[in-house]
Structure formats: structure tokens, C-alpha cells
Amino acid sequence: MAQSQSSTETDWVSRFADDVIAESERRAPGKPVVVASGLSPSGPIHLGNLREVMTPHLVADEIRRRGYTVRHLISWDDYDRYRKVPGGVPGVDESWAEHIGKPLTSVPAPAGSTYPNWAEHFKAAMTAALDELGVEYDGISQTEQYTVGAYREQILHAMKHRADIDAVLDRYRTKKDPAAAGKGKKPQQQKKVDEAELEAEAGSGAAGEDDGSGGSAGYFPYKPYCGNCEKDLTTVTSYDDDSTELNYTCTSCGFAETVRLSEFNRGKLVWKVDWPMRWAYEGVIFEPSGVDHSSPGSSFVVGGQIVREVFDGVQPIGPMYAFVGISGMAKMSSSKGGVPTPADALKIMEAPLLRWLYARRKPNQSFKIAFDQEIQRLYDEWDSLARKVADGSVLSADAAAYARAIGTAAGELPRTPRPLPYRTLASVVDITAGHDEQTLRILSELDPENPLTSLDEARPRLDRAENWITSQVPAEARTIVRGEPDKELLGSLDEQGRQSLRLLVEGLDSHWSLDGLTTLVYGVPKILAGLEPDAKPTPELKAAQRSFFALLYRLLVSRDTGPRLPTLLLAVGADRVRMLLGA
């Protein structure tokens, strides 16, 4: 095995890898390093949930690169209760409310789904996305674990030590009522407190579950699913430690049953006990958690005491990670429908770019993923980083993030052979409406000395840009090239306006490439002002250029703005440009 070494790099992944290796060798020398994530397929698994996976994935991958054996566990919390009907999910209506309280694997999948149940339906999209992202993991179905009795000893142990668990939980059962919580605070301060609590509740379905308290017969950390209606709306009325005989009643359907917990597999530990139990059972060294788990009494804080005092284990090390947002949208919650998922993001951006967004920010730093025009700037930044890596001018932390984005310890991810600028590709497919022959003509003229010979050279980036145009850009913002010249506008031009169009038309043939047309459109106002082509911009020159650009856009697409003019000119074609400019 490779020796752990102090990394000279300053990126956060290397620092966590150092800590995890040291902690693993202290706790379990010679054994695989275990990192963990947990995902609840209670609805669409969104891009905020992806941070729960990407944080340990990146650390695990760094440890693998150093020669260690690592297990990245992803617990599919598919034995959790179905809490609410999420909005905005195709094939789902309010009739699904009748299943609230059942395990997610006992809830029917959305209408039209090919999957056997609710959990499998939403796991499938995430599994495909993780494969595309190069995430190596061991998936664990909690339905399977509980129903085959894998945790039987741990459940019996928790029930035997229920008084100890209750005592730990009781230390935190001091949450004030809403009125008391806001006492002494200004209205704006209280608004922020309320919003924070709502965000925390929305951020984790599991965190919102009860802790098993409240029963008249005492505290029990175990909830049976009803043998009649399958719901967890049950109350344990008695339990005998010696015989493991448990009695419960269902408050939903009135069913009552006596079972032996040493043989019974239709139930689970409440969340605040279940999580620390699994830390000890799996020997987890590293697991991050969302900021909604950072408050006193949260699952992570309470779990740290339960794992130590009840299960004789050790809490994993790991950071609290911040929320992930979407450009133009509020913080994501999978309990609300319509939030973007990793699959949605991978339709409009390549896997390395999505990996980079998670790798370049420390877990405690929030960031946004762009589904709007900002995606073009992100791609520009990504391409600039690639050039810096190629010429050796990149900073070490940026180089590390780039390396983690483009591949894993198992090898590099697929990439686009000719990574043309995303904004250029988007502009071209916007204008051509996906017509392959037209698209290839335009793209082959971007660089006449090294022309593109097949669209496959520009894929998959080209496909991502086309998906972005068709799915994210509103119809009113799409580019439609005029079919006929705007004779009224052309007739209203003064001599300077007509001269600017003549200069542009006369220079088309000699400047017919992306770089050449860029020089031409910026140069026409310089020539009219009596300046040299390489003249530095002045406020007056910039104003003249903006006016010239607006004129071209109005004549070509009947708007004041549009795709970058050099790209637009290439896409329209020289002959049509001449026609629309009245030449």
C-alpha cells in the first residue's frame, strides 16, 4: 500500500484525504477506507443532493490515486417513509397521498414508469447520472438490509438500551415554540429565523422524522410498518427484552399485532438512531452532511453521541456542506417538484464541467449551477482553465480541481475532441435549428486553416449546447434571421451608416473566419473614425461600436441584440448577409 504523504497542494480534497487516511489507519489499520453518502429516493434527487455524493467521491478518488483501497457506500434510504406527494412530478397526482406512511419501496411508481416502485423510479435516473459522472460506489438498499434482518442485532441492542438513547435525545428536547423562538427579535430577524428553519426542514426528509418519543408506554427507537396497511403510523404499546415480544397498534387502520423482534423484519429504527447505528455497522470514516444537520439536536449532532454511548462506535469525520442553487431559482428541495436533477444538468453540460463545479468549491461554500445564459460564461471559464493547464500557467489548486474534473483514478472521462466555444455552438444551433449540414458548414468555417470535418468532432459538447437552446432558452429569445431586407431601415440610414455597411460587406470575403470577422466588425467603426485597426478603445469608439452592432442586429435578426456578431455572420452566410445589408 502506498504511504500517506502530506500533500503540497492547497486544494480541499487533498487536505481531507490526508485526514481520512490518518483517521482510517488509526481506527482500522490495513482495512479498506470507508466513506459514505446517503440518498433518499423520495422524489427527484436534485443537484443539491449530488453534493452529498460528490464530496466523499472526490476524497475517495484522491485516496485511490494514492494506492489505497476505498469503499464509497451510497445508502439508498428507500425504506424511509413516504412523507408527502411532491409537486410537479409527471404521472403523479393527489391520489398518491393514500400511500403516505408506507416505505418508499411499497409506493407505486409514477404512472407510465417502467420501474416496480417509487424508490426504484427515482433511483434509476440518479444511478445513470452517477455512472456518467464516473462515480464509483457500492450501493446499499436499506429496504433490503432491513427486510433480510441484516441489522437484527443492532435493533435488539437499541431496544435494550432505549433508556440510554432516550436520555441522549432528552438533552436536546428543549426546542421552544415558535412564539418563544421569536421573542425579543425584530420582525426581519424573525423572518430570517423562520426561513432558515423552513430551509433546514426542506433540505432533508430524514431530518424531519420523529425520534421515537411521545408514546404513553415509554420511549421506543423502533417503528414497525403495519402488517395490514403497511404504514408506519404505529405505536409500540409494550416490549419485553427477554422474549423480544413487541406489541403495536396502528393509528391509521386500527390493526394490532404481537411479534417477536428477534424474527420480525418489517420495520426500522427511527432516523436519529438509524444513522449512527449504520456508522458503527459499516465502520464509516468520512461522511459529509448538509448544513441542516449542524444545529443542536440535529441528526448529526445527536448521532455523534448515540454512536459512541450506545453502539460503541465513532462518528465519521466530514464537513457540513452548503446548499447548491440554480441560477434564477431558490434553494432546491426535492419535496417541491420541478427542481433540476443531475440528469437535467448533464443534458446541457458535459460531465467534466459538472464535476468541476463541485470540485473547485470547498464544501462549506455555496454555489450556483447555471441553467440560464450564465452557462456560457462558465464554459468560457472552463476552457480558459484548460488552456492554462496546457501552457503551464495554472495555479496548483486550480490544476488539481481540473484533474479531478476530467477523470478519476480509473481513467479520464469521455471528452469532446474539438471543444469549440459553447457560446458559439449554442449560437449556431440556435440559428440552424439543429440542421446538421448547415451546422457543419458554419462550424467548418470557424477556422478555415483547420476546418471541422465532422460534427462528431464537436460532440458531445455540440449536443449539450443544442439541448440548452431547445430546453432552456425561451422561444421569444431564440434567434430568427430575417428572410427579406428591412428596406425601411436601410432607406433611413445616413451616409455614415451606409458607409459602415459597405465596409463590412467589402471585407467579408477576406475576413471569413471567426477571428477574421471579429476583427472586421470591431474594425469598421475604427476606420470610420480615422483610427488604425489596432487602435485602443476609447469611450467614444465603444459607443460607436455599440451603435454599429445594434444596426447589424436589427438588419439581420430584427432585434437590438443577439448571438455574437462574428458567429451570427458565419451562420447567416456571406451571400445572405449581403442581401440583408442591401448590397
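Start by selecting Thr244: with a relative accessible area of 8%, Thr244 is buried (buried means under 20% relative accessible area, exposed over 50% and partly exposed in between, using a 1.4 Å probe and protein chains only). Its phi is near 60 degrees, a positive value in a residue other than glycine. Thr244 sits in the loop between β5 (234-239) and β6 (245-250); helices (H or I, at least four residues) and strands (E, at least two) are DSSP runs, numbered from the N terminus.

Before moving on, a word on what you are viewing. This is a predicted model, in which local features need pLDDT of at least 70 and side-chain atom pairs count only at pLDDT 80 or more, while totals for chains, interfaces and linings use all residues. Residues are numbered from 1 along each chain as its sequence is written, and side-chain values use heavy atoms, with hydrogens and water left out.

**The whole chain**

Zoom out for a moment. The chain has 23 helices and 14 strands, and 50% of its 583 residues count as buried. Among contacts in the chain with a separation of 6 or more, 71% are between residues 24 or more positions apart (contact means heavy atoms within 4.5 Å).

Select Asp312 next. Is Asp312 buried or exposed? At 73% relative accessibility, Asp312 counts as exposed. Asp312 is another residue other than glycine with a positive phi, here near 55 degrees, and you will find Asp312 in the loop between α10 (299-309) and β10 (320-321).

Now go to Arg459 and Pro460. The peptide bond from Arg459 to Pro460 is cis, with omega near 10 degrees. Pro460 belongs to the loop between α16 (436-444) and α17 (461-472).

**Along helix α13**

Select residues 374-391, which make up helix α13. How far apart are its end C-alpha atoms? They are 26 Å apart, which agrees with the 26 Å that its 18 residues should span at 1.5 Å a residue (the expected span is 1.5 Å times one less than the number of residues).

Show the side chains of Ile375, Gln376, Leu378, Tyr379, Trp382, Asp383 and Leu385, the buried residues of α13. Their cover includes α11 (342-348), α12 (351-359), α14 (396-406), α15 (422-432) and α17.

Pick out Asp383, which lies in helix α13 and counts as buried at 12% relative accessibility. Leaving aside neighbours within four places in sequence, Asp383 is in contact with Pro419, Pro421 and Arg461. Try the distance tool on Asp383 and Pro421: they are 38 residues apart along the chain, and their C-alpha atoms are separated by 7.7 Å.

**Aromatic rings**

A pair of aromatic rings is described by the distance of the centres and the angle of the planes. How many aromatic pairs does a search of the whole structure find? It finds 20, where rings of Phe, Tyr and Trp (its six-membered ring) pair if their centres lie within 6.5 Å, and planes under 30 degrees apart count as stacked, over 60 as edge-to-face and the rest as tilted.

Select Trp12 and Phe16: their ring centres are 6.1 Å apart and their planes are at 80 degrees, so the pair is edge-to-face. The two are 4 residues apart in helix α1 (residues 12-27), which separates them by about one helical turn. Trp12 is buried, with a relative accessible area of 6%.

Trp356 counts as buried at 4% relative accessibility, and Trp382 is buried with a relative accessible area of 7%.

For a group of rings, select Tyr79, Tyr146, Tyr151, Tyr225 and Tyr281, which form one aromatic cluster.

**Last stop: a cavity**

Select Gln145, Tyr146, Gly149, Tyr151, Arg152, Ile155, Tyr222, Leu261, Phe264, Asn265 and Gly267 to see the lining of the largest cavity. On a 1 Å grid over the protein atoms alone, a cavity is a set of points where a 1.4 Å probe fits but cannot get out, and lining residues have an atom within 4 Å of a point. The largest cavity holds about 60 Å³ of space. The elements giving two or more residues to its lining are α4 (142-147) and α5 (152-160).

Conventions: 1 Å grid on protein atoms, 1.4 Å probe; cavity = no way out; pocket = protein on both sides within 12 Å on 5 of 7 lines; lining within 4 Å. Points joined across faces, edges and corners; volume = space filled by probe spheres on them.
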